[in-house]
Every structure is written in C-alpha cells, then in structure tokens.
Amino acid sequence: MGMKTEYNDEWMQRMIEGHGHDIKNLIPILQATQEEYGYLPSAAISTTAEELQISEDVIFGVATFYTHFKFTKPGRHIIRTCMGTACFVKEADNLLELLRDRLGIEPGQTTSDGMISLERVACLGCCALAPTIVIDDEVYGKMTSNMLTKLLDEIIDEKGPKEQ
Ligand code: FES
C-alpha cells in the first residue's frame with residue numbers, strides 16, 4: 001500500500017452515481033474520494049460540485065470542517081511521529097526535531113520534491129514500543145536518532161530510477 005491512484009474522472013462519476021446525486025451523500029463521496037486518491041484533488045471537487053449541483057464553496061466549507069480531509073497531494077512517503085504521552089516522555093520531540101531539520105518542513109507539510117510528508121499523530125496504540133514512528137504502513141518502535149537518520153538516508157537515496 002502507500003501509492004494512491006491517479007485522478008480518473010470516470011471513476012469519480014461512477015462513484016458519485018453509486019452514492020446518489022444528493023447533497024446528503026456529500027461526506028461519503030468525499031470520503032471515498034480521499035480513500036482512492038489520498039486527498040481531494042481539485043478536479044474531484046469540481047466534478048462533485050457539478051454532479052450534485054452545488055457550488056465548490058459549499059464543498060470546501062464542508063471538507064474544511066472535517067479536518068481529516070486533505071486538499072494537497074501527500075508525499076510518496078508519509079512519516080508519522082507519535083506525540084502521545086508514552087512517546088513524549090521517551091523524548092519523541094527530539095525525533096520530531098530531527099525530522100524537521102532534515103526535511104526542512106513542519107508537520108502537515110510535504111517536501112517540495114513531493115517525496116515525503118511529515119505528520120504528527122496522537123497515540124498509535126503501541127506505547128510499549130515508545131517512541132514510535134510509522135513510515136508508510138510500517139511501525140518502527142524504540143526509535144533512536146541514529147535509527148531514524150538511517151531510515152531517512154534510505155528513503156532519500158531511493159528516489160532513483162526504480163520509483164520514477
Ligand atoms: S503514545 Fe505513542 S504509541 Fe502510544
């Protein structure tokens with residue numbers, strides 16, 4: 001998992017058709033969109049507006065209210081640092097600092113080359129492993145600055161031909 005599909009308007013129209021052309025289905029439509037693409041592409045928003053015959057402003061208003069919707073494309077890799085209590089007392093903030101420095105971005109942002117998004121999350125449910133970091137879908141426990149640096153080196157080196 002990790003990589004999401006490219007935007008496809010036919011898929012979008014079929015999905016909306018499946019839910020029904022009614023504003024009451026807006027949230028499930030946005031949810032399905034984000035599940036498919038990892039965010040809400042602007043083309044998806046205009047198609048949704050057209051199909052439901054509502055303005056794009058209404059959609060933005062609703063989607064902004066529910067904070068889990070994203071309007072920008074996530075990076076190829078997503079690094080989540082746990083800032084829950086157990087991880088925090090094990091100095092997870094040092095790890096976050098390291099990530100900020102190395103990537104030059106804040107949580108909620110993506111590097112300008114589109115490679116890495118950084119997120120901070122509340123408890124990941126594996127406090128025994130604190131401090132915990134999730135890279136894409138893999139959980140790394142008992143994280144140290146050295147381990148994290150190595151993992152970052154691997155991700156940053158990897159942007160060779162195999163993934164382009
Ligand atoms: S606080 Fe980080 S996994 Fe629970």
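Two strands count as paired if DSSP finds at least two bridges between them. Helices (H or I, at least four residues) and strands (E, at least two) are DSSP runs, numbered from the N terminus. This is a predicted model: local features need pLDDT of at least 70, side-chain atom pairs count only at pLDDT 80 or more, and totals for chains, interfaces and linings use all residues. Residues are numbered from 1 along each chain as its sequence is written.

**Sheet**
- In β3, Ile135 is the bridge partner of Ile79.
- Strands β1 (residues 77-82) and β3 (residues 133-135) run antiparallel and are joined by three bridges.
- The open sheet has four strands in the order β2-β1-β3-β4, with mixed pairing.
- Its edge strands, β2 (116-121) and β4 (138-140), each pair on one side only.
- Neighbouring strands are turned by 20° against each other on average, direction ignored.

**Helix on the sheet**
- Helix α6 (residues 92-103) lies across β1, β2 and β3, at about 150° to β1.
- Axes are lines fitted to C-alpha atoms, for helices over the stretch in contact, and angles run from 0 to 180 degrees between N-to-C directions.
- Contact means that C-beta atoms, placed from the backbone, lie within 7 Å.

**Helix α3**
- Ala44, Thr48 and Leu52 of α3 (residues 42-52) are buried (20 or more other C-beta atoms within 10 Å of a residue's own, all placed from the backbone; exposed is 12 or fewer, partly exposed in between).
- Seen down the axis of α3, these buried residues fall within an arc of 50°, so they line one face of the helix.
- The arc is that of the directions from the helix axis to the C-beta atoms.
- Ser42 and Glu50, on the other side of α3, are exposed.
- Cover for the buried residues of α3 includes α1 (9-19), α2 (26-37) and α4 (56-65).
- Gln53 follows α3 and has a positive phi, near 55°.

How values were computed. Contact = placed C-beta atoms within 7 Å.
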